[in-house]
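Dear colleague,

I am handing over the structure below, together with some notes on what I found when going through it. Please look at it alongside the text that follows.

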Amino acid sequence: MSTVFEMIIAGEIPSVKLYEDDVCIAILDIAPKAKGHTLVISKKVYPTVSDAPDEVIAHMFSIVKKIDGKMRSALKADGTNVFINNSPASGQEVPHLHIHIIPRHEGDGLSFFPPSIKYDEGEMARFGEQLRI
Ligand code: AMP
């Protein structure tokens, strides 16, 4: 079964398209967290970041950079949130690689993440050992 993004790429369902090339498209999210919320979507289907070639990820982030600049100039955004929901456990609803870019304005009150937590004694070093690449 096609993902909703494949149907958008194929022109089978409408979208407000901001950019397109051979590797990716950028469209407005239909259910924005802020007006202008954009998705940069790979043309080929990769469920997660780990499934996608490095050059695809690098290219998509070069487009994120352009969208970020446009949000700052055209929307007078003071900043952006850039993130990927990467597998269903992280909240990913569409299993097709896409990068969210949300324009932010000082004092807009949006919040995406829970408050910080604390490591137990020695735990931070152990996580460092586990995650060092
Ligand atoms: P995620 O939870 O990271 O998989 O995000 C999927 C995003 O796709 C959500 O923010 C949805 O609002 C958005 N979305 C789903 N269907 C459409 C659509 N037809 N056009 C634009 N955005 C969509």
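Is F127 buried, partly exposed or exposed? Please bear in mind that this is a predicted model, and that in it F127 is partly exposed, because its relative accessible area is 34%, a value that falls between the 20% below which a residue counts as buried and the 50% above which a residue counts as exposed. F127 lies in helix 3, which covers residues 123-131, and on the surface F127 belongs to a nonpolar patch that also includes Y119, M124 and L131. Together, these four residues have about 460 Å² of accessible area.

The next point concerns the ligand. It is surrounded by 16 residues, the closest of which are D29, E93, V94, H98 and H100. In the case of D29, a polar side-chain atom lies 2.4 Å from an oxygen atom of the ligand, while V94 places a backbone N or O atom 2.9 Å from an oxygen atom of the ligand. For I30, a backbone N or O atom is found 3.1 Å from a nitrogen atom of the ligand. On its own the ligand has 510 Å² of accessible area, and the protein covers 85% of this.

Finally, there is G69, which is located in helix 2, made up of residues 54-74. G69 is partly exposed, since its relative accessible area is 33%. G69 and T80 are 11 residues apart along the chain, and their C-alpha atoms are separated by 9.6 Å.

Key. Residues are numbered from 1 along each chain as its sequence is written. This is a predicted model: local features need pLDDT of at least 70, side-chain atom pairs count only at pLDDT 80 or more; totals for chains, interfaces and linings use all residues. Side-chain values use heavy atoms; hydrogens and water are left out. Patches are made of residues with over 30% relative accessible area and no salt bridge: like charges are joined within 9 Å, nonpolar side chains (Val, Leu, Ile, Met, Phe, Trp, Tyr) within 5 Å. Accessible areas come from the Shrake-Rupley method with a 1.4 Å probe; for residues, only the protein chains shown count as cover. A salt bridge is a side-chain nitrogen of Lys or Arg within 4 Å of a carboxyl oxygen of Asp or Glu. Helices (H or I, at least four residues) and strands (E, at least two) are DSSP runs, numbered from the N terminus. Buried means under 20% relative accessible area, exposed over 50%, partly exposed in between (1.4 Å probe, protein chains only). A residue is near a molecule or strand if one of its heavy atoms lies within 4 Å of it. A polar contact is a pair of N or O atoms within 3.5 Å; within protein, one must be able to donate a hydrogen and the other to accept it, and residues adjacent in sequence count only if both atoms are side-chain atoms.
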